[in-house]
Amino acid sequence: MAKWRVLWVVAGFLLIALTAVLRLAFLGLFANAPTHQDMASALLPPRGDIVDRNGVPLARAFPAYSLWYNPAALGEGGPPLVRKPAEVAAALAAVFPDLDAQTVARRLAEGRPGYLRRRILPEDANRIHQLGEPALEFPRETERFYPQGSMAAHVLGFVGADGHGHIGMEQVYDQRLTDPAQRGAPAVLSIDARVQGALEDELMKGMLESNAIGAAGIILDVDTGEVLALASLPAFNPNLIDRAGEGHIFNRVTNQVYELGSTFKPISVAAAIDAGVVTDMSRRYQSNRPLEIGGFAIRDSHSFGASLNVPESLVHSSNIVTAQIADQLGGQRLNATMRALGMDQRPQIELPARGMPIWPKGNWSRITTMTVSYGHGIAVTPLHLASAYAAMVNGGIWRPATLQKVEPGQAVPGRRVFKASTSARMRQLLRMIVDVGTGRKADAPGFRVGGKTGSAEKPGVGGYRRSSLVATFAAAFPMDRPRYVVIAMLDEPQGTAATSGQRTAAWNTAPIVGRVVPRIGPLLGIMPDASHDVDISDIAPLVARGDGE
């Protein structure tokens with residue numbers, strides 16, 4: 001008996017050993033290799049952070065509880081809840097006062113599994129647990145949190161229920177933010193949260209003062225193309241994306257095209273100066289009667305006298321004179337300048353939502369050339385305008401805009417559009433518009449702001465709608481050494497007491513820029529200095545104080 005017992009024990013050990021060897025062989029031949037995750041990978045967030053240029057967090061991932069209804073928690077044949085659905089719903093409403101108890105009661109009674117609440121606090125989970133309902137479960141999940149709320153929402157986008165980024169840099173960086181090799185380091189944007197907050201604040205104030213239906217703005221570094229701030233209003237809160245209106249997700253800065261009116265006049269004048277068509281600033285052009293071309297009449301908002309020179313035409317914002325200058329320049333050369341500024345393509349920036357300009361096809365006729373010169377018959381995004389103004393004041397170099405922080409010396413080389421001498425002249429003219437012309441309300445003492453107003457009627461069925469305007473102010477500062485372009489736009493502003501009953505850019509968007517610049521200048525290292533300014537002594541005697549749009 002002892003021998004048999006020993007033999008059985010040995011046989012058992014041999015059987016176990018054989019089973020283990022066969023299992024190892026099977027795993028080695030047919031099973032997937034085990035995944036390897038070191039301690040460092042385990043400690044990484046499931047999705048990387050997004051921060052502004054100074055390291056301020058704009059988007060973070062953190063673990064959170066959710067409230068899930070599992071009607072099969074007590075078994076397939078058992079009741080889903082211990083108490084009545086109405087009683088459970090009332091208890092949940094006591095924890096979450098904004099919860100609709102009747103709606104929740106109906107969902108509980110239907111017996112369909114699903115989320116009752118996303119992102120709940122641990123103390124709330126404890127209170128619900130005390131109800132003693134096994135069907136109310138608390139899965140621990142990773143949530144995306146935006147500490148700044150709705151600020152820069154159109155830049156960031158959001159993370160959907162599918163775990164992927166949508167519409168903004170969350171979508172652009174989706175792979176990078178989830179890659180274990182990269183998600184440990186935050187994605188750094190060019191945005192400055194302080195500047196972004198100031199721009200959004202002033203745009204909202206201007207939008208409310210004028211009863212506008214929307215607003216847009218951008219602040220751009222003229223030497224690198226970095227976007228310091230980009231705002232589209234109304235905004236949305238990416239933390240509450242399930243409850244955000246879809247219309248608010250639309251980005252007016254990069255995805256909506258507008259006829260931006262008289263803000264195009266300096267671009268047309270710069271093209272004419274660059275081509276040698278305009279060489280004498282004192283030369284006078286007829287301005288006291290409409291310009292009749294091909295059955296159309298080009299008019300000014302009101303009479304500015306019998307004739308105007310080039311500086312006066314910009315100060316007073318004359319369509320008639322700008323059209324004559326463009327006619328002398330010719331459609332081919334104006335078209336080439338606009339193309340060099342990227343006006344015929346979607347705006348160049350990382351965001352996925354980028355609007356296609358409305359661009360006149362074929363060879364431009366005389367009337368097309370003239371109307372384009374003062375911002376009609378061509379529709380672009382505010383971002384197109386910002387990049388064009390950057391090239392006009394920075395020495396003549398156009399660069400694509402970017403939402404990624406650019407390290408010193410790493411800016412894209414860009415392409416030359418204007419001569420340096422042309423750019424210098426345009427800095428004088430833009431400064432003069434703010435000093436004595438239609439942009440006076442944008443003047444921020446000590447910051448040497450230069451810019452141009454634009455008030456364009458919106459097109460509609462059967463022609464332009466006189467009751468609907470797009471008001472824009474395009475600016476740069478400080479004009480003796482331009483660093484930043486600032487664009488402010490209001491969609492359908494109304495004449496109110498705050499704007500002296502006026503709807504045009506001189507009364508609503510110019511003041512926005514005048515308030516934004518003193519707020520952001522010191523943050524960006526530009527202090528007010530009234531001791532020097534752009535030298536306009538050679539053209540100042542040519543211009544009297546201007547009125548206009």
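**Close-up views of a predicted model**

**View 1. A salt bridge between R481 and D223.** The side chains of R481 and D223 meet in a salt bridge with 3.1 Å between N and O, a salt bridge being a side-chain nitrogen of Lys or Arg within 4 Å of a carboxyl oxygen of Asp or Glu. This pair links distant parts of the chain, 258 residues apart, with R481 in the loop between β18 (463-477) and β19 (484-491) and D223 in the loop between β9 (214-221) and β10 (227-233). Helices (H or I, at least four residues) and strands (E, at least two) are DSSP runs, numbered from the N terminus. R481 is partly exposed, with a relative accessible area of 46%, and D223 is likewise partly exposed, at 24%; here buried means under 20% relative accessible area, exposed over 50%, and partly exposed in between, with a 1.4 Å probe and protein chains only. The model is predicted, so that local features need pLDDT of at least 70 and side-chain atom pairs count only at pLDDT 80 or more, whereas totals for chains, interfaces and linings use all residues. Residues are numbered from 1 along each chain as its sequence is written, and side-chain values use heavy atoms, with hydrogens and water left out.

**View 2. Further salt bridges.** By the rule given above, the count comes to 25 salt bridges. In one of them, the closest N and O atoms of D344 and R339 are 2.8 Å apart; D344 counts as buried because its relative accessibility is 15%, while R339 is partly exposed, with a relative accessible area of 39%. In another, the side chains of D491 and K458 meet at 2.9 Å, N to O, and this pair links distant parts of the chain, D491 lying in strand β19 and K458 in strand β17 (residues 450-460), 33 residues apart. D491 is buried at 4% relative accessibility, and K458 is buried as well, with a relative accessible area of 15%. Salt bridges that share partners also join D201, E202, K205, R515 and R519 into one network.

**View 3. Surroundings of R47.** R47 lies in the loop between α2 (39-43) and β1, and counts as buried because its relative accessibility is 6%. Its side chain reaches the backbone oxygen of E170 at 3.0 Å and makes a polar contact of 2.9 Å with the side chain of D174. A polar contact is a pair of N or O atoms within 3.5 Å; within protein, one must be able to donate a hydrogen and the other to accept it, and residues adjacent in sequence count only if both atoms are side-chain atoms. Leaving aside neighbours within four places in sequence, R47 is in contact (heavy atoms within 4.5 Å) with residues including A61, R144, V159, L177 and R183.

**View 4. Strand β2 and its antiparallel partners.** Strand β1 (residues 50-51) and strand β2 (residues 57-69) run antiparallel and are joined by two bridges, two strands being paired if DSSP finds at least two bridges between them. V51 stands opposite P57 in β2, and the two strands form a hairpin with five residues between them, where G55 in the turn has a positive phi of about 90°. β2 is also joined by six bridges to the antiparallel strand β5 (residues 140-145), with A64 opposite E141 in β5. Four bridges pair β2 with strand β3 (residues 114-120) in the antiparallel sense, and Y69 stands opposite G114 in β3. Two bridges pair β2 with strand β4 (residues 136-137), again in the antiparallel sense, the bridge partner of W68 in β4 being E137.

**View 5. Helix α12 and its ends.** Helix α12 (residues 319-329) is mostly covered, with nine of its eleven residues buried; among them are N319, I320, V321 and L329. S318 caps the N-terminal end of α12, a side-chain oxygen lying 3.4 Å from the backbone nitrogen of I320. α12 is followed by G330, whose phi is positive, near 95°.

**View 6. A nonpolar surface patch.** W4, L7 and W8 make a nonpolar surface patch of about 440 Å². Patches are made of residues with over 30% relative accessible area and no salt bridge, like charges being joined within 9 Å and nonpolar side chains (Val, Leu, Ile, Met, Phe, Trp, Tyr) within 5 Å; accessible areas come from the Shrake-Rupley method with a 1.4 Å probe, and for residues only the protein chains shown count as cover. L7 has its place in helix α1 (residues 2-30) and counts as exposed because its relative accessibility is 51%.
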